[in-house]
There are 2 protein chains.
Amino acid sequence: MGRTRIRDIRHEELINATITAVHKRGYAVVTMAEIAAEAGASAASINYYFGSKEKLMEATMRRLLTLLKQAMLERYSTAKTPHDRLMAVLDANFSDRLFTNEQCSIWIQFWANAPYAESLQRLHRINRARVNAHFRAELRALVSDDRRETLREALQCYMDGVWLEAAQSSAPLNPAQARKEAREVADLMLKSES
Amino acid sequence: MGRTRIRDIRHEELINATITAVHKRGYAVVTMAEIAAEAGASAASINYYFGSKEKLMEATMRRLLTLLKQAMLERYSTAKTPHDRLMAVLDANFSDRLFTNEQCSIWIQFWANAPYAESLQRLHRINRARVNAHFRAELRALVSDDRRETLREALQCYMDGVWLEAAQSSAPLNPAQARKEAREVADLMLKSES
DNA sequence: AATTTTTAAATGGTCATTTAAAAAATAGAC
DNA sequence: GTCTATTTTTTAAATGACCATTTAAAAATT
């Protein structure tokens, strides 16, 4: 049973604290002590559970990527048509659970640091490849060969750009609105195909 | 005359060194000593000319924003139609001079740090407002009222996303290709209007 | 001679990580 | 259920780097 119950609880607490602390202070300057304080723990305990600051950051990013993956798979299961499944990918990216100020901040920090940390770069590649595969699969049925890659890249860049812009704003985000706009943009691009 | 000749030369050298050093090591971890070494100077001289690391970073970002502004104005002057001027904005963003690995890296670092530094945030707002104004002005003649804002935001996010993705790749960028794709994407979105 | 530019070295502060010991939880024996 | 023994968890304090910035003096320029 709960052989590692406390361990799991602390992992979760510390990762949540990391998300909040990085959002508040920035990846570059946040300290172990600040993260620990956010979780009501001590800096030493972070090293006890994660080994180092870098490994904590990696675990935090892994968590976000898992959430995104789950959100996509959830929506995929109920979507019937290629068009529905394409929209499912967009909806997942802007789901209420994911598209928050805190998580937008972390994503930006992730993007900014991935080029300088092998472990983060790897996570980024894996995630990017998965999203691309989904897009490609669904677009196959929706647009002609010669436009498919252009459209796929445009959609991917659009989504990244929305996250980027959201991270600059301190006003609370509106995921429902973001989903609506993403659908509009996608349909706008698809329409010129039919 | 050259009352401040050396001062200007050093400013330029140090800003260029900053761009290179940040690209190589990341904003978060690059040291004054590394930047100085890149310029063949000493860390102390950076403080002599810029006052602090933060002010150096601000000056560096200001330089990039100026380059972008110039590139836009240059292309604007020769464009005749609204469509041409819209493309001019895209072309400026992906011009040979700007769309380089080094500068992409800096932009990402800029985006990641703007939320945590008032001075950077200000620069970001100013730049964003200018690009938006250009887009809005040209789109007025090209698309209907109800779709204009969606399209503008989509284009803006697309551009940001392309920069973001470019910063993740270590392969040399292809500005001409980026311009071509941006034009395709823009036309794709405009087409469904006509 | 005066001013500007340059830097080596000193300063002071911050912080991730380690250490060593305490506190808490758990298990096993009775 | 209570009482040790053992393991796990927690943290205060120590350690050791690292680094931006300052200082003071030298070098270069005017």
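In this predicted model, I108(B) touches W111(A), A112(A), L164(B) and A167(B), leaving out residues up to four places away in sequence. I108(B) is also listed, with I108(A), Y158(A) and Y158(B), as having the most contacts inside the largest nonpolar core, which has 112 residues. In soluble globular proteins, nonpolar side chains tend to be buried together.

**Chain A: fold and domains**

- Chain A contains nine helices and zero strands, and its elements from the N terminus on therefore read α-α-α-α-α-α-α-α-α.
- The C-alpha atoms of chain A occupy a box of roughly 60 × 40 × 30 Å along the principal axes.
- Of the 194 residues in chain A, 39% are buried.
- Where contacts in chain A link residues at least 6 apart in sequence, 66% of them join residues at least 24 apart.
- The domain assignment divides chain A into domain 1 (1-51) and domain 2 (61-191).
- The C-alpha centres of domain 1 and domain 2 of chain A are 27 Å apart.
- Seven residues from domain 1 of chain A and eight residues from domain 2 of chain A take part in the contact between them.
- On the domain 1 side of that contact in chain A there are four nonpolar, three polar and no charged residues.

**Contact between chain A and chain B**

- The contact draws 33 residues from chain B and 35 residues from chain A.
- On the chain B side, the elements giving two or more residues are α6 (101-113), α8 (145-168) and α9 (175-191).
- The element that gives the most to this side of chain B is α8(B), with 13 residues.
- By class, the side of chain B that touches chain A has 18 nonpolar, 10 polar and five charged residues.
- Chain B superposes on chain A by a rotation of 180 degrees with 0.0 Å of shift along its axis, at an RMSD of 0.0 Å.
- The two copies are thus related as by a two-fold rotation axis.
- Because 100% of the interface residues of chain B are also interface residues in chain A, the copies meet through the same surface.

**The loop residue G26(B)**

- G26(B) sits in the loop between α1 (5-25) and α2 of chain B.
- G26(B) counts as partly exposed because 19 other C-beta atoms lie within 10 Å, whereas a buried residue requires 20 or more.
- Apart from neighbours within four places in sequence, G26(B) is in contact with N113(A) and Y116(A).
- Within chain B, the C-alpha atoms of G26(B) and Q109(B) are separated by 7.4 Å, although the two residues are 83 residues apart along the chain.

**Surfaces near the DNA strands**

- DNA strand C is surrounded by 17 residues, of which T31(A), M32(A), S52(A), K53(A) and A44(B) are the closest.
- Two or more residues of the surface near DNA strand C come from each of α2 (32-39), α3 and α4 (53-78) of chain A, and from each of α1 and α3 of chain B.
- The surface near DNA strand C comprises eight nonpolar, five polar and four charged residues.
- Around DNA strand D there are 17 residues, and A44(A), T31(B), M32(B), S52(B) and K53(B) come nearest.
- For DNA strand D, the elements giving two or more residues are α1 (5-25) and α3 (43-50) of chain A, with α2 (32-39), α3 (43-50) and α4 (53-78) of chain B.
- Eight nonpolar, five polar and four charged residues make up the surface near DNA strand D.

Notes. Residues are numbered from 1 along each chain as its sequence is written. Chains are lettered from A and ligands numbered from 1 in the order in which they are written. This is a predicted model: local features need pLDDT of at least 70, side-chain atom pairs count only at pLDDT 80 or more; totals for chains, interfaces and linings use all residues. Two residues are in contact if their C-beta atoms, placed from the backbone, lie within 7 Å. Helices (H or I, at least four residues) and strands (E, at least two) are DSSP runs, numbered from the N terminus. Ala, Val, Leu, Ile, Met, Phe, Trp, Tyr, Cys and Pro count as nonpolar, Asp, Glu, Lys and Arg as charged, and the others, Gly among them, as polar. Copies are superposed by least squares on the C-alpha atoms of residues with pLDDT of at least 70 in both. A residue is near a molecule or strand if its C-beta atom, placed from the backbone, lies within 6 Å of it. Domain bounds come from an automatic or database domain assignment. A residue is buried if 20 or more other C-beta atoms lie within 10 Å of its own, exposed if 12 or fewer, and partly exposed in between; C-beta atoms are placed from the backbone. A nonpolar core is a set of buried Ala, Val, Leu, Ile, Met, Phe, Trp, Tyr and Cys residues joined through C-beta atoms within 7 Å.
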